[in-house]
Amino acid sequence: MSKTYSSAERAYREIKERILTGTLPGGELISEGEIATDLGTSRTPVREAFLRLETEGWMRLYPKRGALVVPIPSHEAEHVAHARYVVETAAVRAVSGSDRTGLVETLRASLTRQHELIAQFTDSDPRVLARFATEDTDFHRGYVVAAGNPLLTGFYDSLRERQRRMNSVALHRAPMNVARIVDQHAHLAELIAAGDTATFDTALADHLSGVHQLELKGLR
C-alpha cells in the first residue's frame, strides 16, 4: 500500500468518524486546507477522502468553496427508524420462546456501561457522547444478533452508520436526555426478559419516536 493511499485512507476514516459522531455536523461547510491542517497531512489525501465521501453521500463538493457535510434528510431518519422497528420487533419475537438468560445478562451489562458513561458526562464531552452513541447502537444490536438470523443481522448492520449518526445528532441536540434514554433501555430489557413482545413493540416505537423526534405513524 502506497504512502499516499495510506494517508488518504486515514483521512477518509477520520473525517467519516467525525461526521458519524456529529463532530462535523450536517450543514457545515469545510475546506480541504482546514482539515489537512487539523489532521497534519497534505491536501491531496484529504481531497481523495472528500471525493470518496461524496460518492457515499456523506458530502457534497463545491469547487473553490469547500465541502458541505450533508445533513440527515428527514425522510431518511424516518426510514431508518421504521426499518429498525421492523427488525428489532421481529428479533424480540424470535427470542421470546427461547432461553433468554444470556441475552438478558448481556443487555444488563450494557446498561451498566451506559450508567458509567452518564457519570462521565462533563459539559456534554463529545468523546463521551460518541462512546454512548456506540453503546446505544450495540445495546439494540444485542437482541437482534440473539435472534440467530444472519440475514436480519446483516441488514441491521447495513444501517449501523446511519444509526450511529442519528444517535449522535440526538445526543448533541439534547444531551441531558441521556438518563431518560438509559431508563427506556432498561424498560426494553425487562420486557425482553419477561417475554412481553406486545408491550415491547409499543415501548420501542415510543423510544425511537422520542429519541429522534419523529412521528412514526402506524407503529403503535
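Glu 9 forms a salt bridge with Arg 13, with 2.9 Å between the closest N and O atoms; a salt bridge here is a side-chain nitrogen of Lys or Arg within 4 Å of a carboxyl oxygen of Asp or Glu. This is a predicted model, so local features need pLDDT of at least 70 and side-chain atom pairs count only at pLDDT 80 or more, while totals for chains, interfaces and linings use all residues. Residues are numbered from 1 along each chain as its sequence is written, and side-chain values use heavy atoms, with hydrogens and water left out.

Back to that pair. Glu 9 and Arg 13 sit four residues apart in helix α1 (residues 3-20), so about one helical turn separates them. Helices (H or I, at least four residues) and strands (E, at least two) are DSSP runs, numbered from the N terminus. Glu 9 is buried, at 13% relative accessible area, whereas Arg 13, at 56%, counts as exposed. For these labels, buried means under 20% relative accessible area, exposed means over 50%, and partly exposed is in between (1.4 Å probe, protein chains only). Glu 9 and Arg 13 also belong to a network of salt bridges together with Arg 52.

The structure holds 15 salt bridges, and two further ones can be described here. Asp 38 pairs with Arg 18, the closest N and O atoms being 2.4 Å apart. This one links distant parts of the chain, with Asp 38 in helix α2 (residues 32-39) and Arg 18 in helix α1, 20 residues apart. Asp 38 is partly exposed, with a relative accessible area of 48%, but Arg 18 is buried at 18%. Then there is the salt bridge between the side chains of Glu 76 and Arg 162, at 3.7 Å from N to O. Glu 76 belongs to helix α4 (residues 74-95) and Arg 162 to helix α8 (residues 160-173), so the pair ties together parts that lie 86 residues apart in sequence. Glu 76 is partly exposed at 24% relative accessibility, and Arg 162 is partly exposed at 34%.

Next comes a strand residue. Met 59 lies in strand β2 (residues 59-62) and is buried, at 3% relative accessibility. Leaving aside residues up to four places away in sequence, Met 59 touches Ile 15, Ile 19, Ile 30, Phe 50, Leu 53, Glu 54, Ala 67, Leu 68 and Val 70, where contact means heavy atoms within 4.5 Å. Met 59 and Ala 11 are 48 residues apart in sequence, and their C-alpha atoms are 14 Å apart in space.

On a 1 Å grid over the protein atoms alone, a cavity is a set of points where a 1.4 Å probe fits but cannot get out, and lining residues have an atom within 4 Å of a point. Grid points are joined across faces, edges and corners, and a volume is the space filled by probe spheres set on the points. The largest cavity holds about 30 Å³ of space. Its lining consists of Arg 84, Asp 136, His 140, Asn 167, His 207, Leu 208, Val 211 and His 212. Two or more of the lining residues come from each of α6 (126-146) and α10 (197-212), with α10 giving the largest share, four residues. By class, the lining has two nonpolar, four polar and two charged residues; Ala, Val, Leu, Ile, Met, Phe, Trp, Tyr, Cys and Pro count as nonpolar, Asp, Glu, Lys and Arg as charged, and the others, Gly among them, as polar.

Definitions and conventions:
1 Å grid on protein atoms, 1.4 Å probe; cavity = no way out; pocket = protein on both sides within 12 Å on 5 of 7 lines; lining within 4 Å.
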